[in-house]
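I opened the model today and kept notes as I went. Sequence and coordinates come first.

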Amino acid sequence: MFNSVMKRYVVSCAKHIAAVPSQSRCLSTSPATCKSNQPAGDAENNANEGWLKKLLVRRIEPTKEQHSRMLSDKEVIYELQTHNVRPDSIDGYLKNYEQAVQLCQKIPNLQYELIGSWSVHVGDLDQYVHLWKHQGGYAAIDKTNDILLNNQEYTKLCNQRGPFLRSRHLQYMLAFSFWPNIEFKSGSNIYEIRSYSLKPGTMIEWGNNWARAINHRRSNDEPFAGFFSQVGRLYNVHHFWCYKNLEVRTQTRQAAWMSPGWDECVAYTVPLIKEMQSKILHPTSFSPTQ
């Protein structure tokens with residue numbers, strides 16, 4: 001009885017879809033061509049494929065390869081540190097962290113490089129974000145952690161930093177292969193980090209769409225870096241953008257919507273998102289990128 005009812009429901013839906021005008025957008029990512037004038041007889045035959053399959057417009061094919069290998073082609077791991085600082089301890093915290101950065105630059109054989117350091121000016125206030133790079137994969141991370149753990153000066157700085165903090169979070173990430181290579185900026189800039197929590201199983205589809213979407217955002221040199229998490233909060237994506245100021249940011253984002261195809265990329269990726277947030281960042285005085 002249930003199967004009979006669902007079959008009639010799917011056939012009804014298929015007939016309704018067939019009546020939609022030809023200019024309607026097709027959301028399928030399969031190689032098949034979207035046809036708007038499907039004969040009713042074909043719709044009835046296709047209904048036998050199952051009502052769930054008919055209602056799904058996209059799917060990710062099974063693969064024996066790790067998704068991270070399909071999205072990132074570099075043996076470089078990035079570390080994102082997020083520190084929530086006590087409002088009355090900002091100066092002490094910044095001085096302490098700068099000393100730790102300078103120390104890491106002096107330690108021999110330490111493949112640990114600071115890429116950027118920022119304070120949050122819109123979003124979670126009294127928060128600092130630090131982006132580090134590890135050369136050599138997780139083996140390099142293990143080696144770096146051992147070196148720093150056994151360095152008394154570094155350990156002392158970490159202990160001194162504790163009272164300045166309210167909380168902290170650490171993520172290991174890989175860079176999307178289709179994003180431009182990271183280039184340090186100079187002058188006066190602001191950064192935006194747009195963070196997305198995706199539905200599990202959708203990272204490949206996200207990557208497929210953003211591999212096209214990034215081409216709409218290259219004209220003003222605003223892309224800085226794009227990452228997806230590997231350890232920490234999973235199915236997290238972080239896009240870093242660089243602008244001269246908030247007005248330039250507004251103009252640049254408006255221009256993207258005028259680019260043919262940008263609206264489709266947005267339409268395809270929005271259903272993949274569970275949660276998103278945006279933060280405006282200012283570089284610290286010791287940040288390699290300004």
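My entries follow, from the whole chain down to single residues.

**Ground rules.** I am working with a predicted model, where local features need pLDDT of at least 70, side-chain atom pairs count only at pLDDT 80 or more, and totals for chains, interfaces and linings use all residues. Numbering runs from 1 along each chain as its sequence is written, and side-chain values use heavy atoms, with hydrogens and water left out.

**Overall.** I counted elements first. The protein has 10 helices and eight strands. Helices (H or I, at least four residues) and strands (E, at least two) are DSSP runs, numbered from the N terminus. Next I looked up burial. Of the 290 residues, 42% are buried. Buried means under 20% relative accessible area, exposed over 50%, and partly exposed in between, with a 1.4 Å probe and protein chains only. Then I looked up contacts, meaning heavy atoms within 4.5 Å. Among contacts with a separation of 6 or more, 82% join residues 24 or more positions apart.

**Strand β7.** I went to residues 236–243. How many of the eight residues of β7 are buried? Eight of the eight are, so the strand is largely enclosed by the rest of the structure. N236, H238, F240 and C242 point one way. V237, H239, W241 and Y243 point the other way.

I then checked the partners of β7; two strands pair if DSSP finds at least two bridges between them. β5 (residues 190–198) pairs with β7 in the antiparallel sense over eight bridges. In that pairing S197 stands opposite N236. β6 (residues 223–231) is also antiparallel to β7, over five bridges. There A225 stands opposite F240.

β6 and β7 form a hairpin with four residues between them. G232 in the turn has a positive phi of about 115 degrees. L234 lies in the loop between these two strands. L234 counts as exposed, at 52% relative accessibility. I also noted its distance to Q171: 63 residues apart in sequence, 9.0 Å apart in space, C-alpha to C-alpha.

**H239.** I picked this residue out of β7. Its relative accessibility is 1%, so H239 counts as buried. Which residues does H239 contact, leaving aside neighbours within four places in sequence? I found F176, W179, E192, I193, R194, Y196, W206, W210, A225 and G226.

**Helix α10.** I listed the buried residues of α10 (residues 262–269): W262, C265, Y268 and T269. They cover an arc of only 130 degrees around the axis, which puts them on the same side of α10. The arc is that of the directions from the helix axis to the C-beta atoms. These buried residues pack against α8 (203–213), α9 (246–257) and β8 (273–283).

**Cavities and pockets.** I used a 1 Å grid over the protein atoms alone: a cavity is a set of points where a 1.4 Å probe fits but cannot get out, a pocket is an open set with protein on both sides within 12 Å along at least five of seven lines, and lining residues have an atom within 4 Å of a point. Grid points are joined across faces, edges and corners, and a volume is the space filled by probe spheres set on the points.

There are three cavities of 30 Å³ or more. The largest share, three residues, comes from α5.

The second largest pocket has a volume of about 520 Å³. It is lined by 18 residues, of which Q81, Y154, C158, R161 and R168 lie nearest its centre. Elements giving two or more residues to the lining are β1 (76–85), α6 (137–149), α7 and β4 (165–175).

**Positive phi.** N109 has a positive phi of about 60 degrees although it is not a glycine. N109 lies in the loop between α5 and β2 (112–122). It counts as exposed, at 64% relative accessibility.
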